[in-house]
Amino acid sequence: MRTGEPLPAVGEVLAALATGLWHWDTAKALVTVDAEAARLLGLPPEPTTLTEAQTRARLHPVDWNEITGVVQLAVAENTLAEVRIRIMDEQGRIIRVVRSRSKPRYDPARRAYVLIGAMQEVTDPSPGTVAARSAAITGDWRRSREAFLLDAGRALAEARSTEEVLRVAAGLSMPGFSPDGLAVFGAEGDRLKIIGHHGQQPGDEDPFTHMPLDTDYPATEVVRTGRAVYLSSPEQYKSRYPVTWPLAEHFGRQSWAFLPLTVAGRTMGAWMAAFTYPVAFTPDERSVLTTVARMLAQALSRAEATESARELTDGLQRSMLPKLGPEIPGMRVAARYVPTGGGLQVGGDWYDMIPLPGGRFALVIGDVQGHDVRAAGLMGQLRIALRAYASEGHRPDAVLSRASRFLHGMTYDDDQDSPDLRFATCLYVEVDPANGTLDIARAGHPDPAIRMADGTVLLRRTDGGLPLGIDPDADYPTTRLTLEPGETVMVCTDGLLETGGHDLDTGWQRVRSILEGHRGDDLEALADALVQAVHGPSSHHTRGPLTDRREDDIAVLLLHREGAGCACGGPALTLPAIRRTMLTVAQAEPERVAVAREQLRELLHDWTSRDQVDSAVLLLSETLTNVLVHTDADALLLAEVHGSAAARRIRVEVTDTSDDLPHKRRPGELASSGRGLMLIELLADAWGVDPRGRGKSIWFELYEPTEPAEPAASSGASEE
């Protein structure tokens, strides 16, 4: 056997074939190239290592995006990745076209792709030529096409509105041939309309808007027949559509494709793709255009259905919401409603403002169970019923009792095997603008909050009953509050509190911080701030502790009482800001002692000494219990905070109608009573018993320390 000539080294062979080698590790974001590959990239012909950013700067942007899809597809199919890449210089001009072949593999440990490949310069055929038609069926073009269609389908599937669909369509860059102008046409009656366009100047669409469908124009023919029209040259366009050719001539395009937008066998419009160079529209190119047109039609159909449903449900919901009434002397009202629920975005939240005789008016807010059309329908009927009962002159408790009986009758039917029982929460507030009194009846609804003149926000506990519709004979006690000048009351549905993964407690803390952080007396701005902090961009709100991020409709009502002015109509007087809470504890309601303790803690929520807060709550409990145990009278609580921060005092006064004055006693170690006045004397900074014309008043005061109290010692510290 004769020995042949030794084979040349691999490097010599590659150099002779003008083929360069390269290596890309996506984890390190580095691309290593040999001298020939560097030359092909437009760099000095020497081995070098480039960053991904440096490499990307040498490639056409469209080709770089296609590489990602081709690599992923090659890894999935365990094949070679082959792409055609246009190389660009520093000025963005294409200097050559190379064909790159590589064997990519995926490293799951590093979550990275590693590629080793070769590249070689090829001749780039002009679009529409015979060479281009033969090149269009190569493997790399097909891979690019598949990657493009996957990306386009995903982007169009995620679009939720017509505007988003058109934006995605305008950004599509097809492999091997990219249109310069796009237009989406729709049919409205017997007229053509333009839904959107790209690549034209504003006003260029005017001649094509409201064009009759029988006009000799490619888009109207496509809408009429449902068949695509391909025009490869201006001469072909002019010969087939001589009437409308002058309208298209001045755009300077060379080829056009008009494709039907068909969904479920119905042609809903047409899509135009126009090119500045001749395109032969090979079978592969027509296949890409047809596939994009189908995806575009489906996306537009979904967006149209979504927008129609949203428009219908929003219109239904808002038609049932009232306009706030005329201006109220001395008061201002603001309201907001946001349908944040899923599905049809229609729910049972509502608010209302009802004029009453004698200059009074009622504020109503409620939430019917459910987020569907039935909930919205029941809400509308319940709102009308509440208006009717209130207009008849009934008090708040009677209005809610009648409304509960009405809703129970609407949702319960003995003839049904499985009745669709629904309930509704509701808060009814009768307002007297003359003196600021609020008579409140509550049916399972969140309590109102008061923002005082100094910005302090308190949650006002009110008596309540079952939600409407559960028990037709339910009672709804009435609570009377007084809205002082400069104060604002907020009532809302639970959506304002719970949206964003919050429960009622954490949701209330979030809303409270918004109310206290608001500056100024602009009620509309405050309403906007509340909604934005809950339903605005994610940067505006914080997540709650719940894993289930619950979304719900939001309704909120704000009522502000203006500051008092002088009788002559001059400017309002500036009075010292005083926090105040009042509560009656009847002999038959000893459980309201707990409510009084809670209200006092709310009043002192920002007190610097927590020990003093505990002392104030203890002394209040002692004085109230003393009245209930040792007299037959009811107790009236009045608690006030005077002064500015770090120099405040809290005065708590409990009044009753009994003339029996308390006396200090010296109880034994085993006595169960008699220590009330001893505790007051020990813990209060000042106290006293003041006789009244009828009855007496027991009061005590605590002075806020000038410096915050030292933190308590750790529970693990040793005691001696």
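In strand 5, arginine 99 is the bridge partner of arginine 84. Strands here are DSSP runs (E, at least two residues), numbered from the N terminus. The model is predicted: local features need pLDDT of at least 70, side-chain atom pairs count only at pLDDT 80 or more, and totals for chains, interfaces and linings use all residues. Residues are numbered from 1 along each chain as its sequence is written, and side-chain values use heavy atoms, with hydrogens and water left out.

Two strands pair if DSSP finds at least two bridges between them. An open sheet of 6 strands, with antiparallel pairing, has the order 3-2-1-6-5-4. At its edges are strand 3 (48-51) and strand 4 (81-88), each of which pairs on one side only. On average, neighbouring strands of this sheet are turned by 25° against each other, direction ignored; the axes are lines fitted to C-alpha atoms.

Aspartate 447 is found in the loop between strand 17 (437-443) and strand 18 (449-451). Aspartate 447 counts as buried because its relative accessibility is 15%; buried means under 20% relative accessible area, exposed over 50%, partly exposed in between (1.4 Å probe, protein chains only).

The table gives polar contacts of its side chain. A polar contact is a pair of N or O atoms within 3.5 Å; within protein, one must be able to donate a hydrogen and the other to accept it, and residues adjacent in sequence count only if both atoms are side-chain atoms.

| Side chain | Partner side chain and distance |
|---|---|
| Aspartate 447 | Arginine 461, 3.4 Å |
| Aspartate 447 | Threonine 462, 2.7 Å |

Leaving aside neighbours within four places in sequence, aspartate 447 is in contact (heavy atoms within 4.5 Å) with residues including Arg442, Leu459 and Arg460.

Notes: Helix = DSSP H or I, 4+ residues; strand = E, 2+ residues; numbered from the N terminus. Axes fitted to C-alpha atoms, helices over the stretch in contact; angles between N-to-C directions.
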